[in-house]
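Me: I have just opened this one and would like to go through it with you. Could you take my questions as they come?

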Amino acid sequence: MTNDLKEGGIFVLNSPFKDLYEVEARLPGDMKRDIAKKNIKFYTIDATSLALNLGLGPRINMVMQSIFYNLSEVIPVNQAMELLKTSVKNVYGKKGEQVVKMNLEAVERAKENLIEIVYPKSWINAPDIIEVVEAWDPLPAEKTDFVRNIMEPVLANTGDDLPVSMFEAGGIMPVGTTRFERRGAAPEIPVWIPDNCTQCNYCAIVCPHAVIRPFLMTKKDIETGPEGFLARKAQGGAEVAGLQYSIQVATMDCTGCAVCVESCPDDALYMGPFEDYAEKNLPHYEFAYALPLLDDKVDKNTVKGSQFQQPLLEFHCACAGCGETPYVKLLTQLYGERLVIANASGCSSVWGGTATTHPYSVNKKSGRGPAWGRSLFEDNAEYGFGMLKAQEQRRTRLAAGARKIIDDRTASPELQKLLENWIKHFTNGDKCDLVCDKLLPLLEEESKTNSALQGLQEQNMMFRVQSQWLIGGDGWALDIGAAGLDHVLSSGQNINIMVLDTEMYSNTGGQSSKSTVQGAITKFEPVGREVNKKDIGFQAMQYRNVYVASCAMGADYNQSLKAIREAEAYTGVSIIVCYAPCIDWGIDMKHMMDIQKAAVDSGYWQLYRYDPRMTQQGKNPMMMDAKRIKTKLSKYLNDENRFKRLERENKDRAERLQGGLNDWIQMRHEKALRMSMDDLELLDFLKKRIGEVTSESVLILTAPRQVMPQKWLEM
């Protein structure tokens with residue numbers, strides 16, 4: 001941070017350090033030397049605490065801008081302050097009077113919180129500290145060469161100095177490296193109250209960053225745990241009998257979004273100051289993380305059981321409270337060990353694959369995890385479809401090779417039997433995995449002395465079933481990449497699609513997309529969008545052989561889980577459209593899950609599943625998972641600045657556009673409702689619509705006609 005400072009420059013560090021003693025204990029040696037050699041004026045300010053106290057959350061931009069103008073004197077300070085206050089009114093006036101007031105107070109109070117650090121001359125010879133970490137953090141011992149030699153220099157903004165020869169050919173990066181970032185970015189972190197907890201695991205399923213996790217363990221395990229480790233008897237019947245349950249937080253990786261606290265139905269969590277709990281609780285998390293996984297003790301196909309599975313997406317750089325990541329995290333918990341992801345450009349390609357810090361990880365027991373690659377907006381569907389066809393061809397050739405080994409009897413009887421079972425379960429992911437767990441070690445051993453098996457061994461990564469997914473946002477799916485996606489939808493191939501719908505181009509600052517609804521203000525549509533969104537779900541249904549689901553996790557956790565399971569199991573194209581709240585909507589992200597429920601209750605967002613397999617059973621393929629509109633649309637719109645801003649600036653236009661949005665929502669809801677009805681339900685529905693009075697349905701039983709015996713007639 002100090003490399004580019006000039007002689008006699010000014011350095012302001014946002015930190016909780018308030019005096020020389022605290023600063024000296026925390027700053028790395030090279031930074032101290034740089035400051036002293038250049039005779040830098042050094043200041044600290046706890047801008048984060050100030051912003052929190054003012055009600056701004058973690059937003060420190062006005063605090064730091066005020067400090068810049070006070071110290072730099074690029075223009076007279078009094079003039080700068082007046083200009084900055086005018087700018088606050090112009091920029092934040094769109095967000096309401098209270099937001100303006102809080103930012104003006106930040107400008108006023110910044111200088112009084114500034115602390116000058118008068119450092120000793122001895123800093124010019126300050127020694128290097130090998131690991132600039134807290135003494136209580138056990139992780140540095142696990143750092144790999146990649147983390148030390150490539151990732152850390154990149155994070156220190158010296159990546160341009162690295163020679164190309166240090167990188168692996170092809171740009172391949174190791175997975176699971178976000179675990180080594182240890183950002184410590186949250187001013188507050190969740191704290192568990194075990195006696196209030198009903199062990200529902202809702203806090204874990206909603207956590208965008210996979211930092212709060214439930215653990216199962218034995219009493220013997222706990223005896224070896226750190227002092228103060230909290231656990232309670234596991235609830236849930238015979239499958240967890242004799243086990244203990246604990247909620248733990250990765251304190252250095254939490255972003256402080258508070259979604260878990262807001263989603264807890266039992267008041268079993270609260271947000272506590274980082275400095276009070278981070279040091280104390282991190283060893284507890286690391287202890288629980290290091291214990292053997294007991295995920296096989298529970299059914300992973302339930303909301304609670306899924307959260308005992310190791311998340312293979314963790315500690316990424318998405319915004320605090322991100323609405324996209326819980327869906328993908330859940331996907332990795334269900335199928336992560338066989339996931340292959342083609343990711344479109346957008347937010348999910350940023351938090352999913354930032355250079356050197358990769359959040360996709362591997363399962364501790366199997367060592368397997370998602371394979372991830374990114375393509376552009378315009379061709380991600382083709383990119384992922386190509387992956388699918390390539391692995392299909394490779395597995396087909398592998399199966400042909402296995403059949404030849406079986407026919408020629410060139411392997412041991414045990415291996416031949418396993419190859420036969422593998423072919424039998426060729427497309428069944430779970431059963432194929434069980435076979436492969438035995439087959440692959442034996443194949444590796446026999447191939448060392450049997451040349452006939454070497455061809456199979458060279459392709460051993462293709463034995464397991466792969467689950468191919470295309471993932472991206474609405475800008476990709478409904479806009480720039482729509483043509484390619486439509487080609488995949490029409491293909492009939494066994495491929496899955498997950499659309500993370502934020503209703504705008506979130507990664508570039510909130511521009512309008514074809515998913516933006518009528519009346520919403522976005523960049524490039526500052527007076528509210530005139531037309532309504534394209535409905536990708538109903539578009540996909542027109543092919544009649546595509547599995548389609550519309551989800552909002554905060555409205556129904558189980559429905560989201562069920563949709564992912566059904567989509568993955570469907571042999572054909574599947575698409576899941578996931579409602580993903582975004583900070584660019586002008587909302588407090590800690591309420592992200594509540595906002596999803598409000599969207600469904602008002603009809604703004606639909607919950608449904610369209611499963612073509614139902615038609616083979618003589619059933620309706622369309623299943624509405626939220627059949628009633630429970631609240632007025634205005635109740636939902638009033639909580640989001642993208643709609644409220646237009647009401648403040650042009651009430652008549654807002655009423656017209658939001659009225660059009662409401663009409664469209666009612667029409668869409670009725671269309672989906674009709675599609676989900678059987679013939680009798682639809683008949684009753686239509687009768688009510690036209691005002692025809694209908695009585696209760698009556699069941700009439702008739703007996704077959706019989707000829708009476710002649711003797712009965714003669715009586």
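Me: Is phenylalanine 524 buried or exposed?
Reply: In this predicted model, phenylalanine 524 has a relative accessible area of 69%, and because anything over 50% counts as exposed, phenylalanine 524 is exposed.

Me: Where is phenylalanine 524 placed?
Reply: Phenylalanine 524 sits in the loop that runs between β12 (495-501) and α21 (536-541).

Me: And what about phi of phenylalanine 524?
Reply: Phi of phenylalanine 524 is near 80 degrees, which is a positive value in a residue other than glycine. As background, most residues other than glycine have a negative phi.

Me: Which loop holds arginine 182?
Reply: Arginine 182 is in the loop between α7 (145-155) and β4 (188-192), and although arginine 182 is not a glycine, it has a positive phi of about 50 degrees.

Me: Is arginine 182 buried or exposed?
Reply: Arginine 182 is buried, with a relative accessible area of 11%, whereas phenylalanine 524 is exposed.

Me: Let me step back to the whole chain. How many helices and strands are there?
Reply: The secondary structure of the chain comes to 29 helices and 16 strands.

Me: What does the C-alpha trace span along its principal axes?
Reply: The C-alpha trace of the chain spans about 125 × 80 × 50 Å along those axes.

Me: And how many of the residues count as buried, as a percentage?
Reply: Of the 715 residues of the chain, 51% count as buried. The accessible surface comes to about 34600 Å², and 52% of that surface belongs to carbon and sulfur atoms.

Me: What about charges, how many positive and negative side chains?
Reply: The chain has 83 positive and 93 negative side chains, and the centres of these two sets lie 4 Å apart.

Me: Which residues have the most contacts inside the largest nonpolar core?
Reply: The largest nonpolar core has 94 residues, and those with the most contacts inside it are Ile497, Met498, Ile575 and Tyr604. Apart from that core lies another one, of 43 residues, among them Val211, Ala278, Tyr285 and Phe308.

Me: What does tyrosine 604 touch?
Reply: Leaving out residues up to four places away in sequence, tyrosine 604 touches a list of residues that includes Glu503, Val517, Tyr579, Leu633, Phe643 and Arg668.

Me: Now glutamate 566. Where does it lie?
Reply: Glutamate 566 lies in helix α22 (residues 557-569), and glutamate 566 counts as buried because its relative accessibility is 18%, where buried means under 20%. Leaving aside neighbours within four places in sequence, glutamate 566 is in contact with Tyr547, Arg609 and Arg613.

Me: Switching to valine 100, is it buried or exposed?
Reply: Valine 100 counts as buried, at 13% relative accessibility, and its place is in helix α6 (residues 97-109). Beyond neighbours within four places in sequence, valine 100 is in contact with Val88, Lys89, Tyr92 and Gly93.

Me: Last one: is leucine 434 buried or exposed?
Reply: Leucine 434 counts as exposed, at 60% relative accessibility, and leucine 434 is found in helix α17 (residues 429-447). The C-alpha atoms of leucine 434 and tryptophan 422 are separated by 9.2 Å, with the two residues 12 apart along the chain.

Terms used:
Residues numbered from 1 in each chain as written. Predicted model: local features only at pLDDT ≥ 70, side-chain atom pairs only at ≥ 80, totals over all residues. Heavy atoms only, no water. Core = buried A, V, L, I, M, F, W, Y, C linked by side-chain atoms within 4.5 Å. Buried < 20%, exposed > 50% of the residue type's maximum accessible area, 1.4 Å probe, protein only. Contact = heavy atoms within 4.5 Å. Helix = DSSP H or I, 4+ residues; strand = E, 2+ residues; numbered from the N terminus. Areas by Shrake-Rupley, 256 points an atom, 1.4 Å probe, with all protein chains shown as cover. Lys, Arg positive; Asp, Glu negative; His and termini not counted. Charge placed at Lys NZ, Arg CZ, Asp CG, Glu CD.
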